[in-house]
Every structure is written in structure tokens, then in C-alpha cells.
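The sequence and the structure are shown first, and the description follows.

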Amino acid sequence: MLVDVRRQVHEDGPLTVRDLDAPKHKNDSWWGYGPGKIALEVLFANGEISALRTENFTRLYDAPKRMIDSAHLGAPPLSREQAYRVLLREAVVHHGIGTVHDIADYFRLNVRRSVPILSAMAAAGEIEEVAISGWRGPVYMDPEAVRPRRIEGATLLSPFDPITWYRERAARLFNFEYRIEIYVPEPQRVYGYYVLPFMLDGELVGRVDVKADRKRGVLLVRSAWREEGTDPSRVAAAMAGELRTFAGWLQLGEVEVGEKGNLALELSQRI
């Protein structure tokens, strides 16, 4: 099957799993993937085909030569250590500062393998080793990182945003305990099903559980919460503005706030 799927992708791509001639029935493993989907993922993991996400989050598969620029596709292959070095450097740049675990987790790299490489990078001056009170070292910083005098702005974050994805880092930096509860049984959820963290002026100050009601054209706020010690009026005013922007982006005409959460009443008055 792998040979047949590879041939079809190279000959007929780009295509989705629905375009395959391979069987599409699902099983209980691999999130219910069928044989065709499993074959595509194996080929993609092995680098025999390439893939990208479309605007509606569908994965599109094609031959690497049609998806990857020839300058990159024809470049000499990197050793594992070289590849780690490139990815770790990118992780340090994006984080600005972080522990070994923070940095390795950014691209889901092996921590033990990352330790000596980060040490060598610091010795070469590519990154800088620093000490942060309360952080278990070693800690590394991007030498070109700039610390702003202040940060202004408000935004709702995806549950999969790098700011909160690695929970230990979010707790250490922002004192924000976050858990994705999509896969948690409803009776055990604390905040809700699809909860978006809310950042205001560089701090994580709240969270909101939202759902798009397409039939009514309404963004439902099923629960709204603020973090302990925050100003409810300030958080609610900023969150209301972001929710209206979010609803407009989703082409929904209204925002409707439920009763659950310690910010629900204040937020409903601001919407």
C-alpha cells in the first residue's frame, strides 16, 4: 500500500486523503485513521512526500519537488546534530530566554540530546548562558533579545499557542496554570471545552470558553474568568473588545455571554 500511495501522490498530487484510491475505512487506533491516511502519514514522516495545511485545516499532500523550493530541496542533508543546532537556535530566538526544557520543547526535541548541543552553542557565542532567580539552570538567552520598557496590547490566544503550550513555562513566567480540557470528560472540566487564554499588556490575566453558533450568528461565551489579583473592570473591558474582534473574524454578528465564571457578569455588562 505504501508504494501505491506514494505513486499516486507523486503522479496526481496535490491531493487529500479523500482523493486516495487506498481504503478509507477507519480503525480504533491512530485517532481512527484509515489505512490510506496512515500510509500518507508514514510517507510524510519518512520524507517521501510533503504536506501543508489549507485554510480550512485540511492536510494537502504532494511530491516534495512541487512543494519545497529547489534551493532547499537540493541542499546537502544535515546531520542530526546540525539539525538540532538549527532548531535549537530558532527556539532560543523565538523564546528570547528559556531553560533547556523550554527550548527543547519548542520543536519537541529530545532534552538529553539537546543539553550538550546548547552548551556547545553557548561556548561558541551563538547563545548566552544566564542565571535567573528561581529557575533551574542552565538557562539560555538570545544575545540579540531586546527587553521592552513596557508591553501594551490585548489578544486571545489559541489553546496551542507556544506561550501556554508548555505548561511549566507558562506557570513560571506568568503564574498561569493552563490545561487544554478538550479531551477531559465534561464533568471534570474546570474552565470549559475550548478555553482561550487572554493576554493583556504582557500578562496572562484571564481565560474564556467560546463556541461559534453558526445558525444564530452568535459567538457564545460559555464561561469567562479572570486571574486572582487582577482588576475585573480592566480585564472585562479589554476582553470585550477582543471578543467582538474575534466574532467579526468568524463572521458572527453578536457576542453572547453566559453566567459561568468569575468575570461573566462584568464581561456581559461590557459586551
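Q251 is exposed, with a relative accessible area of 71%, where exposed means over 50%, buried under 20% and partly exposed in between, for a 1.4 Å probe and protein chains only. The residue lies in the loop between α10 and β10; helices (H or I, at least four residues) and strands (E, at least two) are DSSP runs, numbered from the N terminus. Although Q251 is not a glycine, its phi is positive, near 60 degrees.

The model is predicted: local features need pLDDT of at least 70 and side-chain atom pairs count only at pLDDT 80 or more, while totals for chains, interfaces and linings use all residues. Residues are numbered from 1 along each chain as its sequence is written, and side-chain values use heavy atoms, with hydrogens and water left out.

**Backbone features in loops and turns**

R108 is another residue other than glycine with a positive phi, of about 55 degrees. R108 is found in the loop between α6 (100–106) and α7 (111–123), and its relative accessibility of 47% makes it partly exposed. G47, which follows α2, has a positive phi near 80 degrees.

**Domains**

The domain assignment of the chain gives domain 1 (1–74), domain 2 (80–141) and domain 3 (154–269); such bounds come from an automatic or database domain assignment. Between the C-alpha centres of domain 1 and domain 3 the distance is 35 Å.

Two packed helices are described by the angle between their axes and the distance between the axes. For helix α1 (residues 2–12) and helix α2 (residues 35–45), the axes come within 9 Å and cross at roughly 75 degrees. Helix α1 is therefore roughly perpendicular to α2. The axes are lines fitted to C-alpha atoms, for helices over the stretch in contact, and angles run from 0 to 180 degrees between N-to-C directions. Angles of 65 to 115 degrees count as roughly perpendicular, those under 35 as roughly parallel, those over 145 as roughly antiparallel and the rest as oblique.

On the α1 side, L2, V5, R6 and V9 meet A39, L40, V42 and L43 of α2, contact meaning heavy atoms within 4.5 Å. The residues of this contact divide into seven nonpolar, no polar and one charged. In this division Ala, Val, Leu, Ile, Met, Phe, Trp, Tyr, Cys and Pro count as nonpolar, Asp, Glu, Lys and Arg as charged, and the others, Gly among them, as polar.

How much of α2 is buried? Eight of its 11 residues are buried, so α2 is largely enclosed by the rest of the structure. The buried residues are P35, G36, K37, I38, A39, L40, E41 and L43. What covers them includes α1 and β2 (59–62).

Strand β1 (residues 50–53) pairs with β2 in the antiparallel sense over four bridges; two strands pair if DSSP finds at least two bridges between them. L52 has L60 in β2 as its bridge partner. The two strands form a hairpin with five residues between them, and F57 in the turn has a positive phi of about 70 degrees.

**The five-stranded sheet**

An open sheet of five strands runs in the order β6-β7-β8-β9-β10, with mixed pairing. Its edge strands, β6 (154–156) and β10 (254–260), each pair on one side only. From one strand to the next, the twist averages 30 degrees. Helix α10 (residues 232–249) packs on the sheet and touches β6, β7, β8, β9 (218–226) and β10. The direction of α10 makes about 120 degrees with that of β7.

Within the sheet, strand β7 (residues 195–200) and strand β8 (residues 203–213) are antiparallel partners over six bridges. V195 stands opposite D209 in β8.

**E266 in helix α11**

E266 has its place in helix α11 (residues 264–270) and counts as partly exposed, at 24% relative accessibility. Leaving aside neighbours within four places in sequence, E266 is in contact with P232, S233 and A236. The C-alpha atoms of E266 and A224 are separated by 9.4 Å, although these residues are 42 residues apart along the chain.
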